[in-house]
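Have the viewer open and follow along.

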Amino acid sequence: MKIFSSTPKIGSPGFGSLNLSLLIGSASLLIWGGLYVGKYSGRFDSDEFSEIPHGRPAKPVVAALDPNAETIKKGAKVYAAVCIACHQADGNGNPGGGIPPLAGSDWVTTEGPSRIIRIVLHGLEGPVKVNGTAWGQNQMPAQAKTADNPAGLTPEDIANVLSYVRNAWGNKAPMVSVDMVSTVIKDTAAKSGYWNPDDLMKMPVMVGGGAAPSAAMTPDQLKAALKALSGEQLEALMKEVKK
Ligand code: HEC
């Protein structure tokens, strides 16, 4: 009995085309497999599969190398442990409880953090204007770690939390360093009791006593500087200002 009598012979049309498509199919599988392994394998000496295609930087590593991201993350933790009870998660404060907002606050987003470091160190009491709105029904207790308040915030905590509030909820202001906080601690060593907002307003906003560019001169200094200008210079300046 001939079992294979109906098997097509190699070279006959049907068999030949079947073979060709099998050949092409397996060849492309091999090529695809090779490319896949080449692209997604780790280094040759690694025995692990790597999800990151060769040549692309690994995102988590880049984020960890951004010092601001790390500081802000630590600051968010301090905020959640300490400030959130009063100023709320959205930074909008609690108007009913006399708690002003930090989101968008002109105190928080000034160029220099000297005043807000003082507020966190020693507390704040008295009528305070935030973006033109008057507050003062409540007071903010001192938050710094001291002999009287051993559970308070370290200079690093304060730098981190202020860097966070200056860059959360759409706020955008320069980071606060531990050095800045330490400088203000030295400058205010003799301070006792809460700050009064009016006294704080007289302090330079820049740590170390420099003034912010926008508040570089007192009105008297400005007057003196204007007097020193020639008539033509003054005229040119007024034109510039009125543009
Ligand atoms: C117990 C409630 C309370 C806590 C906790 C608290 N604050 Fe305050 N904070 C206040 C009050 C009340 C005022 C306004 C005081 C006044 O009216 O004189 C204020 C004012 C401020 C101001 C100036 C005004 C403004 O709105 O910008 C800043 C900045 C500030 N707080 C930051 C912080 C930060 C940062 C923390 C956490 C480290 C914190 N506060 C924790 C109650 C609190």
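## A first look at the loop between helices

Q88 sits in the loop between α3 and α4. Although Q88 is not a glycine, its phi is positive, at about 70 degrees. With a relative accessibility of 29%, Q88 counts as partly exposed. Please keep in mind throughout that this is a predicted model.

A second residue with a positive phi is N131, again not a glycine, with a value near 50 degrees. N131 lies in the loop that joins β1 (128-130) to β2 (133-135). Its relative accessibility of 42% puts N131 in the partly exposed class.

## The chain as a whole

Stepping back, the protein chain has nine helices and two strands. Their order along the sequence is α-α-α-α-β-β-α-α-α-α-α.

Of the 243 residues in the chain, 25% count as buried. The accessible surface comes to about 16500 Å², and carbon and sulfur atoms hold 62% of that area. What about contacts across the sequence? Taking contacts between residues at least 6 apart in sequence, 56% join residues at least 24 apart.

## Helix α5, inside the fold

Is α5 largely enclosed or largely open? Eight of its eleven residues are buried, so α5 is largely enclosed by the rest of the structure. The buried residues are I158, A159, N160, V161, L162, S163, Y164 and V165. The cover over these residues includes α3, α4 (114-122) and α6 (178-187).

Leaving aside residues up to four places away in sequence, S163 touches T71, I72, M175 and V176. The C-alpha atoms of S163 and I72 are 6.1 Å apart, while the two residues are separated by 91 residues along the chain.

N160 is also in helix α5, and at 8% relative accessibility it counts as buried, the cut-off being under 20%. With residues up to four places away in sequence again set aside, N160 touches T71, K74 and G75.

## How α3 and α5 cross

Which way do the two helices run relative to each other? Helix α3 (residues 67-87) packs against helix α5 (residues 155-165) at an angle of about 95 degrees, and their axes are 7 Å apart. The two helices are therefore roughly perpendicular to each other. On the α3 side, the contact is made by T71, I72, K74, G75, A76, V78, Y79 and C83. On the α5 side, the residues are E156, D157, N160, V161, S163, Y164 and V165. By type, the residues of this contact divide into eight nonpolar, four polar and three charged.

## Two salt bridges

How many salt bridges does a search of the whole structure find? The search finds two. In general, side chains of opposite charge can pair when their charged atoms come close.

One of the pairs is K74 with E156, whose closest N and O atoms are 3.9 Å apart. This pair links distant parts of the chain, with K74 in helix α3 and E156 in helix α5, 82 residues apart. Both residues also belong to the contact of α3 with α5. K74 counts as partly exposed at 40% relative accessibility, and E156 counts as partly exposed at 41%.

The other pair is D199 with K202, with the closest N and O atoms 3.7 Å apart. D199 is partly exposed, with a relative accessible area of 37%. K202 has a relative accessible area of 68% and is exposed, since exposed means over 50%.

Notes. Residues numbered from 1 in each chain as written. Predicted model: local features only at pLDDT ≥ 70, side-chain atom pairs only at ≥ 80, totals over all residues. Heavy atoms only, no water. Axes fitted to C-alpha atoms, helices over the stretch in contact; angles between N-to-C directions. Helix = DSSP H or I, 4+ residues; strand = E, 2+ residues; numbered from the N terminus. Parallel < 35°, antiparallel > 145°, perpendicular 65-115°, else oblique. Contact = heavy atoms within 4.5 Å. Nonpolar A, V, L, I, M, F, W, Y, C, P; charged D, E, K, R; others polar. Buried < 20%, exposed > 50% of the residue type's maximum accessible area, 1.4 Å probe, protein only. Areas by Shrake-Rupley, 256 points an atom, 1.4 Å probe, with all protein chains shown as cover. Salt bridge = Lys/Arg side-chain N within 4 Å of Asp/Glu carboxyl O.
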